[in-house]
Structures are given as structure tokens and as C-alpha cells.
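Visitor: I have a structure open and want to talk it through. Can we go over the ligand site, then the aromatic rings?

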Amino acid sequence: METTLAIIKPDAVAAGDAGNILAHLEREGFEILAITKLRLGETQARAFYEVHRERPFYDSLVEFMTSGAVMPVALERDNAVKRLREVMGATNPQEAAVGTIRSLYATSIEKNAIHGSDSPENAAIELGFFFSRAELLAAGR
Ligand code: CMP
């Protein structure tokens, strides 16, 4: 079993799509280990997306990610990191395969409904950004 982090982004939360996205993930075999809802501050959003700080879209991304509530979700299944990225679809919803979360709920390459960790190493770092080890260990299994 492997764990990964998803974040339901402000566009999808505001659109009322969080429940459908969580159901989609459960149908795909992910167990929800922990979930929360919060609004990121600028410092937090900049820190979370630190790896993208040199990208031209960094400031806009930070503004978007702080524009409303997000829902970080700790997910578990076999091959969770890779499977989540497949289920999410391509970053740009116009390139996302039919039936993927981004094909269904994203509206642009920035407002793309969901984030997923891109490697097991980053999953560990990103899970730790939102959830304590105690919370993850306490998840009812
Ligand atoms: P995410 O998977 O969370 O990782 C970085 C985010 O930056 C990405 O999803 C998009 O929300 C955003 N992003 C990536 N590429 C672009 C781009 N070319 N223009 C604007 N936003 C982008």
C-alpha cells in the first residue's frame, strides 16, 4: 500500500464538485485516510509550490490557490501516486483523457480542479505539509 496527497483546488470546491471528486477517487479504489478544508494563506501557498517559484505562472498560481477554500486529502491504495495521476488526467484539461477528473471538472491549465503528488518522495513531503504523522497513523483501518 502507498499513500499520496490530493488537493481539491478552489475552483472545484467553489463549484460544489468536491463530493463528486471524492466519490470518483473512492470508485477508483482510493481510501480516504484523512481530509480537511482550509483556505491557504499566501505564505503557505508560496511554500507549497516552492518548486515552481521560477515559473512564469507562479504568482498567478499562488493567487488562485489562495482565492478560496481547498480540501487536502490523504489517499491510500496500491501504486497510489501513479494511479492518482492517471485518474486526474493531464495538467491541461484540453489534453486530459475522457473520463479523468480534470476532463470532467477542470476549466483551464491553472484552474485544473485537483493536485496530486508527482512522486512517492514528494507525497511524503506534501502529506506532511497538511497532516501530522499521528493523524495519518490514526486513520481508521
Ligand atoms: P499542479 O498539478 O497542482 O502543479 C502546479 C500547478 O500549476 C498546476 O497543477 C496548475 O494548476 C498550474 N500550472 C501548471 N502549468 C501552468 C501553466 N502553463 N499556466 C498556468 N498554470 C499552470
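Predicted model: local features only at pLDDT ≥ 70, side-chain atom pairs only at ≥ 80, totals over all residues.

Visitor: Fine. Which residues surround the ligand?

Guide: The ligand has Lys-9, Tyr-49, His-52, Phe-57, Leu-61, Thr-91, Arg-102, Ile-109, Glu-110, Asn-112 and His-115 around it.

Visitor: How does that shell split by class?

Guide: Four residues of the shell are nonpolar, four are polar and three are charged.

Visitor: What lies 2.8 Å from an oxygen atom of the ligand on the Lys-9 side?

Guide: A polar side-chain atom of Lys-9 is at that distance from a ligand oxygen. For His-115, an N or O atom in the side chain is 2.8 Å from an oxygen atom of the ligand. Tyr-49 places a polar side-chain atom 2.6 Å from a ligand oxygen.

Visitor: And how much of the ligand does the protein bury?

Guide: The protein buries 80% of the 460 Å² that the ligand exposes when taken alone.

Visitor: Where does the ligand sit?

Guide: In the largest pocket.

Visitor: New topic, the rings. How many aromatic pairs are there?

Guide: The count is four aromatic pairs. One of them joins Phe-48 and Tyr-49, with ring centres 5.1 Å apart.

Visitor: Why is that pair called edge-to-face?

Guide: Because the planes of the Phe-48 and Tyr-49 rings are at 90°, and planes over 60 degrees apart count as edge-to-face.

Visitor: Which other ring does Phe-48 pair with?

Guide: Phe-48 also pairs with Phe-129, again edge-to-face, at 5.3 Å centre to centre and 75° between the planes.

Visitor: Is Tyr-49 buried or exposed?

Guide: Tyr-49 is buried, because its relative accessible area is 4% and the cut-off for buried is under 20%.

Visitor: What about Phe-48, buried or exposed?

Guide: Phe-48 is buried too, with a relative accessible area of 10%.

Terms used:
Residues numbered from 1 in each chain as written. Heavy atoms only, no water. Near = heavy atom within 4 Å. Polar contact = N/O pair within 3.5 Å; in protein donor to acceptor, adjacent residues only side chain to side chain. Areas by Shrake-Rupley, 256 points an atom, 1.4 Å probe, with all protein chains shown as cover. 1 Å grid on protein atoms, 1.4 Å probe; cavity = no way out; pocket = protein on both sides within 12 Å on 5 of 7 lines; lining within 4 Å. Sits in = over half its atoms within 2 Å of the grid points. Nonpolar A, V, L, I, M, F, W, Y, C, P; charged D, E, K, R; others polar. Phe/Tyr/Trp six-rings, centres within 6.5 Å; stacked < 30°, edge-to-face > 60°. Buried < 20%, exposed > 50% of the residue type's maximum accessible area, 1.4 Å probe, protein only.
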